[in-house]
Amino acid sequence: MSQRKDNLTVQRGIFYGIFLTLIVFVTLYIFIPHLDYDPGLLSRIKLGIKCLVFPALFFVVLIIRIGSQRFGNPAEDPTRVLASSHSMEVDLRVLANTHEQLSIFIINVMALSILLPFPYLTLLPIYSGIFIFGRLVFWLGYRHNPLLRAPGFALNILPALAGLIYCAIALIWLSA
């Protein structure tokens, strides 16, 4: 493939990821019941923590998958051989990227659980589900063709960016 075709593949993937993110967020937000009262700070924090469990579980599954691939081959000692197969190499890269994304996700979810107006707290479980879906799309795309990881990346980065920008504005607004 030429660089131009590769760039087009990535751009389309990002577009599809952004489009899917917006459609899923809006659709689920419309159909999931909203709170009609402010649940209080403790309940907001509990909601944030609940929304972290399944993304963390996905992360642990990746760790276990890589650990199980190390057994019985030279990659048991990662100082000698980091990855014993292409599949393991991809999984290690997905694990590293998921670690980065998860760090942002945790900060974002906890900040949003406190700063969002209560009718919008429904967005947190949606965000959690989209995070896991995005990581799966990223992983599967990466395994098939590294250029196809773009939709999964977009599914994760757009909500992260939107959430962090919202939190930054809310914090500035609150301190003014």
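This is a predicted model: local features need pLDDT of at least 70, side-chain atom pairs count only at pLDDT 80 or more; totals for chains, interfaces and linings use all residues.
How do the residues lining the largest pocket divide into nonpolar, polar and charged?

**View 1. The lining of the largest pocket.** Here the lining residues come out as 12 nonpolar, two polar and no charged. There are 14 of them around the pocket, and Phe25, Leu123, Pro159, Ala162 and Gly163 sit nearest its centre. Two or more residues each come from helix H1 (3–31), helix H4 (123–144) and helix H5 (150–175).

**View 2. H1 against H4.** These two helices pack at an angle of about 145°, and their axes are 10 Å apart. Their crossing is right-handed. On the H1 side, look for Leu20, Thr21, Val24, Phe25, Leu28 and Tyr29, which meet Leu123, Ile126, Tyr127, Ile130 and Phe133 of H4. Sorted by class, this contact has 10 nonpolar residues, one polar and no charged.

**View 3. H2 alongside H4.** Helix H2 (residues 41–70) packs on H4 with the axes 8 Å apart and an angle of about 15°, so H2 runs roughly parallel to H4. The crossing here is right-handed. H2 brings Leu47, Cys51, Phe54, Pro55, Phe58, Leu62 and Arg65 to the contact. From H4 come Leu124, Pro125, Ser128, Phe131, Ile132, Arg135, Leu136, Trp139 and Arg143. The tally for this contact of H2 with H4 is 12 nonpolar, one polar and three charged.

Key. Residues are numbered from 1 along each chain as its sequence is written. Side-chain values use heavy atoms; hydrogens and water are left out. On a 1 Å grid over the protein atoms alone, a cavity is a set of points where a 1.4 Å probe fits but cannot get out, and a pocket is an open set with protein on both sides within 12 Å along at least five of seven lines; lining residues have an atom within 4 Å of a point. Helices (H or I, at least four residues) and strands (E, at least two) are DSSP runs, numbered from the N terminus. Ala, Val, Leu, Ile, Met, Phe, Trp, Tyr, Cys and Pro count as nonpolar, Asp, Glu, Lys and Arg as charged, and the others, Gly among them, as polar. Axes are lines fitted to C-alpha atoms, for helices over the stretch in contact, and angles run from 0 to 180 degrees between N-to-C directions. A crossing is left-handed if the near helix is turned anticlockwise from the far one by less than a right angle, and right-handed if clockwise. Contact means heavy atoms within 4.5 Å. Angles under 35 degrees count as roughly parallel, over 145 as roughly antiparallel, 65 to 115 as roughly perpendicular and the rest as oblique.
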